Amino acid sequence: LMATIISQATNLGIVAMSASVKGTTVDMLRHVLHEFIREETLAAASTEIVNQHHLLPFSSVHGSGTVSSSDAQRFKIRASSLLASAYPRYYGYYEKAIGRYTHLSDQYAVFSTQAISCGPREALYVLDGLLKNNTILKIRQHTSDTHGYTEIFSRWLTEQGYGAHIVPTEFTGETLDDPSDSGDGSNDDNS
């Protein structure tokens with residue numbers, strides 16, 4: 001199992017790994033790869049890691065596991081992919097990129113990650129990560145940048161009991177759409 005995981009994590013592949021590990025054949029690694037390293041098993045393993053991390057006393061030093069944030073990273077790719085799209089801001093009009101969208105709890109545990117296209121708005125990926133959270137983390141507040149924001153989505157988060165706190169990149173120190181704010185100044189912090 002470890003040899004197969006390392007072969008995939010290092011991009012070495014099972015053929016080169018079988019030549020590197022004494023007593024291990026390509027067929028053995030292929031069997032482990034097909035039977036045990038699948039999307040479902042990796043998701044279950046990731047969930048268990050986050051759950052066990054949350055139960056450790058030291059994890060509460062950083063937070064309670066009720067606040068999360070999400071954002072995308074973009075990577076230029078050479079290979080053809082259905083998710084690849086032009087991302088002129090960083091790579092010009094002729095280079096293609098894909099995104100990796102990640103949800104992180106306030107305890108620094110990644111509870112959702114997915115490959116995404118760089119083209120569409122990220123609000124749907126924010127929603128997807130929150131709804132597919134199978135960990136014991138009880139996320140009650142979520143933050144993202146303006147790429148993960150739409151007013152409809154923010155209202156939905158509020159109606160579902162999430163305190164949506166969106167941090168716009170264009171406005172330092174301001175937030176958008178706080179439905180709990182009545183506008184009369186009663187929620188202002190005067191301390």
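Modeller: Happy to! Keep in mind that this is a predicted model. Start with helices H1 and H3, which are roughly perpendicular to each other, because angles of 65 to 115 degrees count as such and theirs is about 80°. H1 covers residues 2-9 and H3 covers residues 26-36, and their axes lie 9 Å apart. In general, two packed helices are described by just these two things, the angle between their axes and the distance between the axes.

Now look at who touches whom. H1 brings Ala3, Thr4 and Gln8 to the contact, while H3 brings Leu29, Val32 and Leu33. Sorted by class, four of the contact residues are nonpolar and two are polar, with no charged residues.

From there, move on to the largest pocket, whose volume is about 590 Å³. Its lining has 18 residues, and those nearest the centre are Glu39, Ala43, Phe111, Ser112 and Thr113. Helix H4 (39-55), strand S4 (110-117) and helix H6 (123-131) each give two or more residues to this lining. Here the classes are six nonpolar, eight polar and four charged residues.

Finally, find strand S1, residues 67-77. S1 pairs with strand S5 (residues 141-144) in the parallel sense, over four bridges, and Ser70 stands opposite Ser144 in S5. S1 also pairs with strand S3 (residues 96-105), this time in the antiparallel sense over 10 bridges. In that pairing, Arg74 stands opposite Gly99 of S3.

How values were computed:
Residues numbered from 1 in each chain as written. Predicted model: local features only at pLDDT ≥ 70, side-chain atom pairs only at ≥ 80, totals over all residues. Heavy atoms only, no water. Axes fitted to C-alpha atoms, helices over the stretch in contact; angles between N-to-C directions. Parallel < 35°, antiparallel > 145°, perpendicular 65-115°, else oblique. Contact = heavy atoms within 4.5 Å. Nonpolar A, V, L, I, M, F, W, Y, C, P; charged D, E, K, R; others polar. 1 Å grid on protein atoms, 1.4 Å probe; cavity = no way out; pocket = protein on both sides within 12 Å on 5 of 7 lines; lining within 4 Å. Points joined across faces, edges and corners; volume = space filled by probe spheres on them. Pairing = 2+ DSSP bridges.
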